[in-house]
Amino acid sequence: MIVKIATSGGFAGIPAAGINKTVDVSSLPPPLQERVCRAFEPPKLKRLEKSGAPDTSVDRFNYAITVTDDAGEVHRYRLEESVLPAELIDLMDEM
Amino acid sequence: MFRVQGCTCRHDPLQCIIPPHMLRVLSIRAGGEVAKMARSLLDQSEKFRESRSEDAGTVMVPGKALPGAFVAAAMSAPAGLHDLHREIYDGENKAALPGKPVRSEGSPATGDAAVDAAYDNAKIVFDLYSDEFNRNSLDGKGLPLKATVHHRRDFNNAFWNGSQMVYGDGDGVIFRNFLELSVVAHEMSHGVVGFSGGLTYQGQSGALNESFADVFGALAVQRNIGQSAHEADWLIGKGILGPGINGAALRSMRAPGTAYSDGQLGQDPQPYHMDLFVNTSEDNGGVHINSGIPNHAFYLFSVLLGGNAWGAPGHIWYAALQSLNNPFASFADWAAETMEAATGLYGVRSLEFVFLRRAWKLVGISV
Ligand SMILES: [Zn+2]
Ligand SMILES: [Zn+2]
């Protein structure tokens, strides 16, 4: 599984200031691998994508997350930072 | 009327005070029509310099206390009636908000530079709104000022989440920190916008939200060090870029598009005129990009008028936000609202009214 995370927006509004990483999950240490696989399961991200509560935050990042599963299938998500659980964000920082 | 695309504005060089260095930048980096326009304006700028400076000589006024500003200040309740209550939290490099409480109102400095900068700068911004605009905190009702520092790891951002300020540490490469006063005032001013009816964070209304935050970011700095509009640098995020980045700041209100030019960061993408309005789906429709246009209008107005930008210009912008009542306002709607505010505060043929209309015209917006 390959996870690609890219942000736009933010206080600076410049892509170079944002997050841009591509992680081959199989290269992560096994305990982290398991957590990432569970966190980035398509149904979970789909649910977050639809959970768009009215967002009053500004200067936050918008996330484009692309998950390529082991069957080669590509899943794309567009998520506002405000809908991401803190644990998922911490995991992204750890990956 | 104005257009959002193409070069449709009739360029009277006497009316367009685009600094020559910006024209040079444009003639090099911009494509097609824009580069051509820049080159031709550059050719003419020498020719017109004399008349322009004569013109400027007749319109500049010395920075005197403005009658309207005096009245507004006289009517303000004493600042002591407004309650400042700061709460600073340490995010401990995690995403959970607000994090661990580390400093509250009246408690001594912690020695953590980020905590103490968030605490000190929050008061400077609170005082700006309290003393100049008689506003009791961000919501006008004494909202406690909550801020989290050390948010996440190497986090290159600062934001307002609808109820508190959040600051990353920066990665040390692209950003050093996000606690410079103009940044703190920018985030807190997003709170003021939100509690004043809001400006939808998309397209032109989003860029107006951004611009209001930059304008009051600049005003917080200028008032804090006592700089007039002419003396100020009009930079947002001065010194926050990493040591290896070629740039003075994140944005320039005096010369949008020139704050940085760097291999890693690219070129400051801000326009200063409607002819250069950027249509994009990124960044909520370029909210941090097209804010350069109203930013520059505020700068031009402040310089045309002279004196302190937190005087009449700040009062007009603040009054316009309070009376706007239109979260989907376009640049033209906002410009019209500022003209109404200028009329209400200073009168219909006042210098403020005349120079404000002129400033909007100079960025391609007719009011
Ligand atoms: Zn023009
Ligand atoms: Zn902002």
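These entries record what I looked up in a predicted model with chains A and B.

**Conventions.** I number residues from 1 along each chain as its sequence is written, and chains are lettered from A and ligands numbered from 1 in the order in which they are written. In this predicted model local features need pLDDT of at least 70, side-chain atom pairs count only at pLDDT 80 or more, and totals for chains, interfaces and linings use all residues, while side-chain values use heavy atoms, with hydrogens and water left out.

**Interface.** I looked up the contact (heavy atoms within 4.5 Å) and found 34 residues from chain B and 25 residues from chain A. The size of an interface is often given as the accessible area lost when the parts come together. Here chain B and chain A bury about 2,400 Å², 54% of it on carbon and sulfur atoms; buried area is the accessible area (1.4 Å probe) that two parts lose on being put together, summed over both.

I then looked up polar contacts across the interface and noted 15 residue pairs, both residues at pLDDT 80 or more. A polar contact is a pair of N or O atoms within 3.5 Å; within protein, one must be able to donate a hydrogen and the other to accept it, and residues adjacent in sequence count only if both atoms are side-chain atoms.

On the side of chain B that touches chain A, the elements giving two or more residues are β4 (158–160), α5 (181–195), α6 (203–225) and α7 (283–290) of chain B. Helices (H or I, at least four residues) and strands (E, at least two) are DSSP runs, numbered from the N terminus. The largest share, four residues, comes from α5(B).

B:H186 and B:H190 both lie in helix α5 of chain B, four residues apart, about one turn of the helix.

**Salt bridges.** Two cross the interface of chain B and chain A. A:E81 pairs with B:R152, the closest N and O atoms being 3.2 Å apart, and also with A:R60, at 2.9 Å.

**Backbone.** I noted a cis peptide bond between B:L97 and B:P98, with omega about 5 degrees.

Key
Salt bridge = Lys/Arg side-chain N within 4 Å of Asp/Glu carboxyl O.
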